[in-house]
Amino acid sequence: MLSILRGTQRSFQVALWFLVLAVILLVGFLHVDFRLLIPDKVQEPPVTNIMFLKTHKTASSTILNILYRFSESHNLTTALPEGSRVHLGYPWLFVTRYVEGLKQDNRLQHHFNIMCNHLRFNYPEVQKVMPSDTFYFSILRNPVFQLESSFIYYKDYVPAFQRTKSLDEFLADPWKYYNASVSLRNVYAKNNMWFDFGFDNNAPADMDYVRKCLSEVEQRFHLVLIADYFDESMVLLRRRLRWQLDDVVSFKLNVRSQSTVSHLTPESQERVQHWCALDWQLYQYFNRTFWTQLHAELSPRQLTEELEQLRERQRELTALCLQDPEPKNLTHIDDRNLRPYQSGKANILGYNLRHGLGTTTLHICQRMAMPELQHMAHMYSLQFPNKTPKDIPLMKK
């Protein structure tokens, strides 16, 4: 009897090993990620303390929308501009008094979960607002396309741009139009991303200085995304923040019509690299680190799968929410709460929602399509219901 039991036990062990082997082979054959087999309860919770340095003309309005939505859906607090402000003191260096609801003393600190409005980075002051375990990230864009977008968007605001007909003309002789001492409004015309990180945009591109600043950014920011590879950036960001797929799905916001996009000559593109040499060094360095981090995080197969998941979900929500997947001119947008702010020579587009959406679906779709200023005003009213609402003229038309 004992020998029979031992034989049965050995047979069971052999069968069990064959079963395990079969599962491993099946998982490999079907290309299933082992992490998908781990129950949710043992996964780490999502990151909720986040500081996003919102650089200019880098798809940062779309990321701001993502962060606002996450903040509202998870009942988090956001460091919003004080009073009637629409940004956190930009273009001056950030100080805590630009934040609504933050008492100006040294005893009361670390109030907010998320910080994402425009500011000029000032790490010691930001630390007074955000918890010690905050995840810091930002986004950069190829300076050629970033400067082209800035030229159109700030054409009527930036002194260096006002007296020239085109960016090609400006780049042919930039010192004819640019004066570093005129006003802070000229920061949009030279090394604007470098300036956003808190550095001197008029500094010489000395290699020792550049290395020092790049090292400083790398030490303080956990991740720097690349707008030119936005979907890949969202895949990596979602993994780093341990968020759900829908948390990073978005509609493109603050996007221009193609008729207001200019195409620079090859000579002008080369000139941008010299005129914005600090931005170019910043972009080149963190473009490399971005791909290094992305490839360390995902295999090529995983990246392809997760990109397709992201794009498929975006297609689903576009069909669910929008009358037309293509954004519309301001005059063709029915809901004033969805009409984007217009600036310079840019024709900023927006969206119309489908009619007859249910309450829950309407709430989701409205938040995804809501332009930056209206969304900021909405968040402000939610967080500070007893304060005077933000005055957004577009919402009154």
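Which residues do ring pairs link into a cluster? Ring pairs join Phe 151, Phe 161, Phe 170, Trp 175, Tyr 177, Tyr 178 and Trp 275 into a cluster. The exercises below go on from there.

This is a predicted model, in which local features need pLDDT of at least 70 and side-chain atom pairs count only at pLDDT 80 or more, while totals for chains, interfaces and linings use all residues. Residues are numbered from 1 along each chain as its sequence is written, and side-chain values use heavy atoms, with hydrogens and water left out.

**Exercise 1. Describe the aromatic pair of Phe 121 and Phe 221, and then that of Tyr 123 and Tyr 136.**

Step 1. A pair of aromatic rings is described by the distance of the centres and the angle of the planes. Rings of Phe, Tyr and Trp (its six-membered ring) pair if their centres lie within 6.5 Å, and planes under 30 degrees apart count as stacked, over 60 as edge-to-face and the rest as tilted. By this rule the count comes to 30 aromatic pairs.

Step 2. The ring centres of Phe 121 and Phe 221 are 4.9 Å apart and the planes stand at 50°, so this pair is tilted. Phe 121 lies in the loop between strand E2 (114-115) and helix H3 (123-129), and Phe 221 in the loop between helix H8 (207-220) and strand E4 (223-226), so the pair ties together parts that are 100 residues apart in sequence. Here helices (H or I, at least four residues) and strands (E, at least two) are DSSP runs, numbered from the N terminus. Both Phe 121 and Phe 221 are buried, where buried means under 20% relative accessible area, exposed over 50%, and partly exposed in between (1.4 Å probe, protein chains only).

Step 3. For Tyr 123 and Tyr 136 the centres are 5.8 Å apart and the planes stand at 65°, so the pair is edge-to-face. Tyr 123 lies in helix H3 and Tyr 136 in strand E3 (residues 135-140), so the pair ties together parts that are 13 residues apart in sequence. Tyr 123 has a relative accessible area of 21% and is partly exposed, whereas Tyr 136, at 5%, counts as buried.

**Exercise 2. Work out the order of the strands in the open sheet, and describe how E3 sits in the structure.**

Step 1. Strands of a sheet pair through backbone hydrogen bonds, either parallel or antiparallel. Two strands pair if DSSP finds at least two bridges between them. The open sheet of four strands has the order E2-E1-E3-E4, with parallel pairing, and its edge strands are E2 and E4, each of which pairs on one side only.

Step 2. Strand E1 (residues 50-53) and E2 pair in the parallel sense over two bridges, and the bridge partner of Ile 50 in E2 is Ile 114. E1 and E3 pair in the parallel sense over four bridges, with Leu 53 opposite Ser 138 in E3. Four bridges also join E3 to E4, which run parallel; Ser 138 stands opposite Val 224 in E4, and Leu 140 stands opposite Ile 226.

Step 3. In a regular strand the side chains alternate between the two faces of the sheet. From E3, Phe 135, Phe 137 and Ile 139 point one way and Tyr 136, Ser 138 and Leu 140 the other way, and all are buried. Six of the six residues of E3 are buried, so E3 is largely enclosed by the rest of the structure. From E4, Leu 223 and Leu 225 point one way and Val 224 and Ile 226 the other way, and all of these are buried.

**Exercise 3. Examine the backbone at Pro 91, Asn 191 and Arg 242.**

Step 1. Most residues other than glycine have a negative phi, and most peptide bonds are trans.

Step 2. A cis peptide bond, with omega about 10°, joins Tyr 90 and Pro 91, and Pro 91 has its place in the loop between helix H2 (60-73) and E2.

Step 3. Asn 191 has a positive phi, near 50°, and is found in the loop between helix H6 (167-172) and helix H7 (192-196). At 2% relative accessibility, Asn 191 counts as buried.

Step 4. Arg 242 also has a positive phi, near 60°, but at 32% relative accessibility Arg 242 counts as partly exposed.
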